[in-house]
Structure formats: structure tokens, C-alpha cells
Amino acid sequence: MAHLTDIEIAQQTKMEPITEIAKKLGIAEKDLELYGPYKAKVTLDLWDEIKDRPDGKLILVTAITPTPAGEGKTTTSVGLAQALSHIGKKVTLALREPSLGPVFGVKGGAAGGGYSQVVPMEDINIHFTGDFHAITSAHNLLAAMLDNSLQQGNPLNIDPRQIAFKRVLDMNDRALRNIVIGLGGKPNGVPREDGFDITVASEIMAILCLSKDIDDLKARLSEIIVAFTYDGQPVRAKDLEAQGAMAMLLKDAIKPNLVQTIEHVPAFIHGGPFANIAHGCNSIMATKYGLKLADYFITEAGFAADLGAEKFLDIKCRLAGLKPSAVVIVATIRALKMHGGLAKNELSEPNLKALEAGIPNLEKHVENMLSYGLPVVVALNAFPTDTDEELKFIQEKLAKIGVPVVQSDIWAKGGAGGVEMANAVVEACAKPNNFHYLYDAKMSPEEKITTIATKIYGAKDVVFTDKAKKDLKLIHDLGKDDLLICMAKTQASLSDDAAKIGRPEGFTLTVREVRLSAGAGFIIPITGAIMTMPGLPKRPAACNIDVDNKGRVSGLF
């Protein structure tokens, strides 16, 4: 029998009307804004009805350091929700929205896989409810108003050489990284260098995901620093009087989106900030709705625990007042062997030596999550090439630090393949925990950065370039030392060097520059080569995507 692709599995699913899915969470039709029969936004009015309810259990799904072998974090998040439903729990989950750039590039979408997907998969990966278009429009409105202020006599005394706000586009387009605008004479603006970032790297994306309501959204938007004056003073969005119009463009985007999994479990999908630049989590609003509407609420954080989970725990939980009940760390035996030095084409053969060499990466992520005072479960995403001997080897290793290791087969079997994982997570949630943050926000930025680098990444020390020191002085002079830290680092290694697999030790982390996201409420130290506008590969995934005369999509995974 031919192996079904993810999209073929998704297209064979008989979806339930979204009104029926909403009823599972007690959401009435009056609190839905329908986008066709299978997608809806949840109104802001619903919050007033549910805000005083107790929170359900918050479960964070994270992972080991990514490898080309794949780990399946989103698939596990969806599969765990289905498995909890399978054992009779009232459950929902929240994921990030996929970006068009990776969909058409090389990474693919973000709707899960196999029989653990969210649907309608094509819609979720392409356009969805228009949130990313709204963010792109709000961002570029601010950019246009900035350049218009320069053109109209420059009343704010903006220095065109000190503009800190690029434009954005939700597409991988390397040709737009560095451009010159305002050419063609006086009627066409002030000539200057500019560039584009991808929409998920926009500060407005981060702001949308961290905002509690429209007033909070406007307050955050108004604080975005877009440029500096000739005498070094910051120019903010509120100086351009842009925040009201920007918030208007985002008035629907701020509402959480409700869809379903293949097994009809309610799922929120809302927001999508980059995880190696921004904080890599879905919106606070979707998270808060989910916690009030279900007994168990699952969410994921981007990339591995050193990036996504650290930011979820130190930024999102702190700003939203959240307390997780448990952390699930996703790994595969194949990926651990890759961290042990095997090439991708060697992973199908049993190799305990490579596995032993790769397990320290998992152990480091486990130790990091335990250091926050949280119960941890390791979920091994099953592959046909896994052996009982390899599974037992990992379980014995992790037993020494008191962490259960369960195998899940949620890609092939959906919720039924994750029952053991679901039971382990329920047990973990019942354990007492003493959740605490990694650092005190009142520490200096240098101290906070060094704490993350040494305690989470395993660095020996941190070096700040002259540019980074200059940036930190400016942040200090602006009175922003108390802001949280959102590290920008490669996802491919615990260190700032993508080539260092496994568990690197004794390395020095170099901070090249430090950016300020005053509206989002964090400082971004840049380490290594971080790309805010990706490019397409030699043969993009877009080459395989098509649609027929009936509107049926093919080639999308």
C-alpha cells in the first residue's frame, strides 16, 4: 500500500463544523467569528465571561537541539492533546501560525504530521485568517509614515542614517535584504539605505503575541523605537502618531483562531514569532483562553529548550503570570545518534556508541528544565528503525536523574499511539513544583545575558564586542536595563556555533550587537550569524506545490 503524505492524510479527514468543536470547550456560537465552516476567531468578549475561572494544567512541549533527522515537536504537541482526549481528559492546545517563507522554502509548514495534525492543514499553512497580512500591513504602515515624515520637512529631526526600522514581507526573498529607497528625485522620498525582514521577525509580531488586549497592544505599539534624531534621541511610533491606525489594522488579528486536530480536539493557532530572534511562542491571549477553557492545556515553544523553552519560561510566563505544570522534551533515537556524530544516511542501523555520545545533548536540556523547578517527561518520537535495546539504554540513562522516558507513536497512530506519554504527563502534572525564573529582571543586561549563556547553553564565559558594548550603553541611557532578555542564537547548537553538536562545553559566547525591542519589552543580544530575511534554496518547496481545477492542493508536504 502506498505511503500517504501528510496532506493526503489531512485531506481524508472528515472535519467537524467549528461550531461543534467550540462546544467541546463550552464556547457559544455568539463568541465565534466564522471564517467558513472549519475556522473561527474567538471574540474578545468571551474573556470577560471566563477570566475568573481557575486555570487548567499548563504543559510546555519543547525539544532537543534540532537536527536534519527531525524531532517532531509540533507533531508531539498535537499527538499529546489527542492522547489526553483519548484517556478522557478535557484538553486543548495552542500552536504558532506557520510563515509562508518556510512553507515555500525548505523547512515546510507547522501543522504537525501523519495522524497528529491540525486541520484544515492547507488553510493553516497558507493565509489562514489573514493575521500575518495584518501584521505585515501594520508594520509597513509605520515604515511608510516614518519615510513620509522625512519627506514632509522632517519635523521630528530624524537622522536618516540612524533609522532602526526595516520593512517586512512574509516570504523568503534574499534580494530584499539590503536595498536603496527614495530614488527618482524629490517627489519620491528621501534616498536612503533600507531592507526587508520576514514578517515573523517583526517586532509587531512579538507585540501581538505578548499583548493582553487592544489597550495593551496600543501601548506596546506606541513604544516601538523606529529611529534616532540628529541629537541622539529616540523616535517612537507614538511620535509619528501611528499606533491607533496600526492597532486598527490588528483589531481582528489579535483574536485567537480556533481549529481542530485530525481527531477533533479543539486547537488554538495564533501568532508566530521567530524562535531564534523573537520569543518563539504563540500568543498570550490564546494561552490564557486555553487555560480557562480546558483542564489540560498544551503549548509548544520554538526550536530546542535552550531557545524556545527558556524564552517561554523567562519572558512569556513572567509577562503573563503563567505557571507551567510540566515540560515535555521531544527527542528521537535517530536525532540523538546524529548528535553522537553519525551522518544522516547512517541513522537506520543500531549504534549504541553513537547514541551514548549523543545523549548528553538531551541530558543538558533535561537538566535545564529541571533547574526551573519543573517536572519533566522525555517523549521519544518512534521510528521503525528504533530498537528496544536503544530505548532501554536511554531510559536507564535518564532514570539516574529521575526523569521518565516514554516512546510515542503519534505520527502513525494518532492519539492512541500516545497513551503512555499522556499518562506520564498526567502523573508529572500531579507532582508539586517550585517553578521560578532563571534570572532577576533587575540584574544588569550583561548579568542576565551571562546567566543564560553559562547556565542554559553551558558557555564558559561571554564576550561583548565594542558594538555590543555601545548598544548596551544606549539601552542603559534610555533607562531600559530592566527589560527581559531575548537571545538571538543559532538553533542548531547549544553554543553560538552551528557546527558544535552534542553538548559543547568550555566555549565562549560572543555577543556581536544588542537590539532593543522596547514595544515587545525585551532586549535582543545577537550572537553568530542570524538571518532575519531567509533566502530560498536551489529548488524551493514551491516547485512541488500545485492546485487543480477543483481547488485541491497537492505537494504541500
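Mentor: What follows concerns helix α19 and then some other parts of the chain.

This is a predicted model, in which local features need pLDDT of at least 70 and side-chain atom pairs count only at pLDDT 80 or more, whereas totals for chains, interfaces and linings use all residues. Residues are numbered from 1 along each chain as its sequence is written, and side-chain values use heavy atoms, with hydrogens and water left out.

Helix α19 comprises the 12 residues 466–477; helices (H or I, at least four residues) and strands (E, at least two) are DSSP runs, numbered from the N terminus. At 1.5 Å a residue α19 should span 16 Å, and its end C-alpha atoms are 17 Å apart, which agrees; the expected span is 1.5 Å times one less than the number of residues.

The buried residues of α19 are A468, D471, L472 and I475. Seen down the helix axis, these buried residues fall within an arc of 100°, so they line one face of α19; the arc is that of the directions from the helix axis to the C-beta atoms. An α-helix has 3.6 residues a turn, so residues three or four places apart point the same way. On the face turned away from the buried side, α19 carries the exposed residues D466, K470, K473 and D477. Here buried means under 20% relative accessible area, exposed over 50%, and partly exposed in between (1.4 Å probe, protein chains only).

The partners of the buried residues of α19 are α18 (445–457), β20 (461–464), β22 (508–517) and β23 (522–527), against which they pack. Just after the helix, G479 takes a positive phi of about 75°.

Helix α19 also contributes to a pocket. The second largest pocket has a volume of about 1,300 Å³, and α19, β22 and β23 are among the elements that each supply at least two residues of its lining. Others include β7 (158–163), β10 (192–194), α8 (203–210) and β12 (225–229). Of the 37 lining residues, I163, A164, F165, E513 and R515 lie nearest the centre of this pocket.

On a 1 Å grid over the protein atoms alone, a pocket is an open set of points with protein on both sides within 12 Å along at least five of seven lines, a cavity is a set where a 1.4 Å probe fits but cannot get out, and lining residues have an atom within 4 Å of a point. Grid points are joined across faces, edges and corners, and a volume is the space filled by probe spheres set on the points.

By this rule there is 1 cavity of 30 Å³ or more. The largest cavity has a volume of about 90 Å³, and its lining includes H127 and F128. To that lining α6 (121–125) and α7 (131–151) each supply at least two residues.

H127 is found in the loop between α6 and α7. Its phi is near 75°, a positive value in a residue other than glycine, and H127 is partly exposed, with a relative accessible area of 48%. In the loop between β6 (116–119) and α6 lies P120, and the peptide bond from V119 to P120 is cis, with omega near 5°.

Key
Contact = heavy atoms within 4.5 Å.
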